[in-house]
Amino acid sequence: SPVLVTTPPDGTNRIFVVQQAGTIRILPNDSTATAGQARTFLDITARLVSGGEQGLLGLAFHPNFASNGLFYVNYTAPSPLRTVIARFRVDPVDPNRADSLSEYRILEINQPYTNHNGGMIDFGPDGYLYIGMGDGGNGNDPGNRAQNLAEALGKFLRIDVNDTTA
C-alpha cells in the first residue's frame, strides 16, 4: 500500500516509495527500473500500527538533505494510539539506507480513534515543516477537535525543526 512517491532534494536520481505498512523503498529514477531493483531504505514496521488510515503516512526530506542527511516521517504508533513525527538520519556509509537507530521523536499527538489521522508532511518555502493532522476520527468530528484551538487535531501544524532551543 504505497502512500507517497517522492524524490530527495540532493540531485541524485532516486525515487522513494513510502509504504503504509512501515517501510520506505528506494529505486533508481529510471524508466527501465523494475520492482526487483527496489531496496529497503527504512523499515519501522515494528514501531507502528498499520491498516485502514494508520501506518507510515508521510515522508519529508530536510531542505538541506544533501548536506545533513536528515528526513522526517509521520507514523501511527500503538499503546497509546498516537501520531509520531520523527527525524531520522541517512546511514553515513550507505546513502541508500537510513540509520533506523537514529530516530528522534519531535512530536507525539494522541489519537482517539483509528481513522482521520492525516499524515502528509512537507517543508514549505519558509523552511518550516508542515504537518497535516486529521481531526482524530470517527464520523463528523464528534469531539469537535478541528474547531478547538487548544487541540492539535484537525489542524495544519508548522514547526521549525532547526530551532533546538525548545
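Visitor: Where does Gly 136 lie?

Guide: Gly 136 sits in the loop between strand E10 (129–133) and strand E11 (156–159). Strands (E, at least two residues), like helices (H or I, at least four), are DSSP runs numbered from the N terminus. This is a predicted model: local features need pLDDT of at least 70, side-chain atom pairs need 80 or more, and totals for chains, interfaces and linings use all residues. Residues are numbered from 1 along each chain as its sequence is written, and side-chain values use heavy atoms, without hydrogens or water.

Visitor: Why is Gly 136 called buried?

Guide: Buried means under 20% relative accessible area, exposed over 50%, partly exposed in between (1.4 Å probe, protein chains only). Gly 136 has 0%, so it is buried.

Visitor: What does Gly 136 touch?

Guide: Contact means heavy atoms within 4.5 Å. Leaving out residues up to four places away in sequence, Gly 136 touches Gln 111, Pro 112, Tyr 113, Asn 115, His 116 and Leu 153.

Visitor: What makes Thr 76 buried?

Guide: Its relative accessible area is 0%, so Thr 76 counts as buried. Thr 76 belongs to strand E6 (residues 70–77).

Visitor: What joins the side chains of Thr 76 and Asn 117?

Guide: A polar contact of 3.3 Å. The term covers N or O atom pairs within 3.5 Å; within protein, one must be able to donate a hydrogen and the other to accept it, and residues adjacent in sequence count only if both atoms are side-chain atoms.

Visitor: How do you know that E2 and E3 pair?

Guide: Pairing takes at least two DSSP bridges between two strands. Strand E2 (residues 14–19) and strand E3 (residues 23–28) are joined by 6 bridges and run antiparallel. Val 18 stands opposite Ile 24 in E3.
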